[in-house]
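Subject: The structure I promised you

Hi there,

Here is the structure we talked about, ready for you to open and turn around on your screen. Have a first look, and then read on for a walk through what turned up.

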Amino acid sequence: DNINHIMAEMLVFVSMLGQNLKSNGIVTAELRSKDSEVEVIVVDFMYPGKIRACCHYNKDSLAEIHNKNFTELFTNGTLMITADIGDNAKRYQGIVQISSDSLLESVMEYMRSSQQINSAIKVVVKQDKLIWRAGGVMLQRLPELDQVKLEDSDDWQRVCQFIATLQEKELLLDNISLEELLFRLFHQDEVLIFNPNPVEHKCRCSREKMQKIINSMPLIEKE
């Protein structure tokens, strides 16, 4: 199921971005296409670990959707990331045109063009019967104090190569703990592990919000 696969990738990516949030912060990712059977996929991550996802598609075109890949589904589409860090910090938004063959490549383009931060990202998604499993890692390089270009740093290239060698079973933590995985990757460096933030499904809708939305709709749409 390619739609569930794409949604799972978005959930992992947005969850990783959300780790930089402060109190009441929200990160939203929207994948849109005007020329596809899939109109939009939206994923929200709310501090400290509440997440939700939804997809709007043409129910009469399910067979066509299942037979199309990412590029075919989101031709002429856009990926928009909106982040409200929280604690009265400035809200920012970035949009990139879909011009690559995968969601991950589009995410990397967003990181380069909007955040302008060198990043290494790897995400895996696997379906075991009716259960979906996913995992990911995101490495970001903080701006250096000197004038050395980020891409010229031997240390940065080294850790990026480590990320590229990760296997599916490692990112899904099959027979390995998170601590063991980090030590395996970065045993040459000092590794500091913070307390984990559990992630759970949670919608930020409420009866009051839904009532306001319904009240603002034209009568014909309410019916």
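Let's begin with a pair of strands: β3 and β8 run parallel to each other and are joined by 2 bridges. Within this pair, I51 sits opposite H201 of β8. Please keep in mind as you read that this is a predicted model.

**The sheet**

What is the order of the strands in the open sheet of 6 strands? Going across, the order is β5-β4-β1-β2-β3-β8, and the pairing is mixed. The edges are taken by β5 (92-97) and β8 (200-201). Each of these two has a single partner strand, so one of its sides has no neighbour in the sheet.

β2 and β3 run antiparallel, with 8 bridges joining them. V40 has H56 in β3 as its bridge partner, and a hairpin of 3 residues leads from β2 to β3.

α1 touches β1, β2, β3 (50-57) and β4, and its direction makes about 30° with that of β2. α4 touches β1, β4 and β5, and its direction makes about 130° with that of β5.

**A closer look at α4**

Helix α4 covers residues 103-115, and you can check its length yourself. With 13 residues at 1.5 Å a residue, the helix should span 18 Å; the C-alpha atoms at its ends are 17 Å apart, so the two values agree. Its buried residues are L103, S106, V107, M108, Y110, M111 and Q115. Just after the helix comes Q116, whose phi is positive, at about 55°.

**A second hairpin**

Strands β6 (residues 119-128) and β7 (residues 131-140) run antiparallel and are joined by 10 bridges. V123 stands opposite G136 in β7. The hairpin has 2 residues between its strands, and K129 has a positive phi near 60° there.

**The nonpolar cores**

A bit of background first: in soluble globular proteins, nonpolar side chains tend to be buried together. Which residues of the largest nonpolar core touch the most other members? They are I6, F13, L31, F74 and I121, in a core of 38 residues. At least two residues each come from α1 (2-17), β1 (26-32), β2 (38-46), α3 (70-73), β4 (78-84), α4 and β6. α1 gives the most to this core, with 10 residues.

Apart from neighbours within four places in sequence, F74 is in contact with I6, L31, R32, S33, V38, I41 and I98. There is also a second, separate core of 15 residues, with V124, V137, W156 and V159 among them.

**Cysteines**

How many disulfides are found in the whole structure? The search finds 0. Take C55 as an example: the closest cysteine sulfur belongs to C54 and lies 7.8 Å away, which is too far for a bond because a disulfide needs the two sulfur atoms within 2.5 Å. C55 is partly exposed, with a relative accessible area of 23%.

Is L181 buried or exposed? L181, in helix α7 (residues 178-186), has a relative accessible area of 6%, and it counts as buried because the cut-off is under 20%. Not counting residues up to four places away in sequence, L181 touches L166, E170, L173 and I176. Try the distance from L181 to N215 as well: they are 34 residues apart along the chain, and their C-alpha atoms are separated by 51 Å.

K169 is the other one, and it belongs to helix α6 (residues 168-171). At 49% relative accessibility, K169 is partly exposed. K169 and V124 are 45 residues apart in sequence, while their C-alpha atoms are 9.0 Å apart in space.

Enjoy exploring, and write back with any questions!

Best wishes

Note on methods. Residues numbered from 1 in each chain as written. Predicted model: local features only at pLDDT ≥ 70, side-chain atom pairs only at ≥ 80, totals over all residues. Heavy atoms only, no water. Helix = DSSP H or I, 4+ residues; strand = E, 2+ residues; numbered from the N terminus. Expected span 1.5 Å × (residues − 1). Buried < 20%, exposed > 50% of the residue type's maximum accessible area, 1.4 Å probe, protein only. Pairing = 2+ DSSP bridges. Core = buried A, V, L, I, M, F, W, Y, C linked by side-chain atoms within 4.5 Å. Contact = heavy atoms within 4.5 Å. Axes fitted to C-alpha atoms, helices over the stretch in contact; angles between N-to-C directions.
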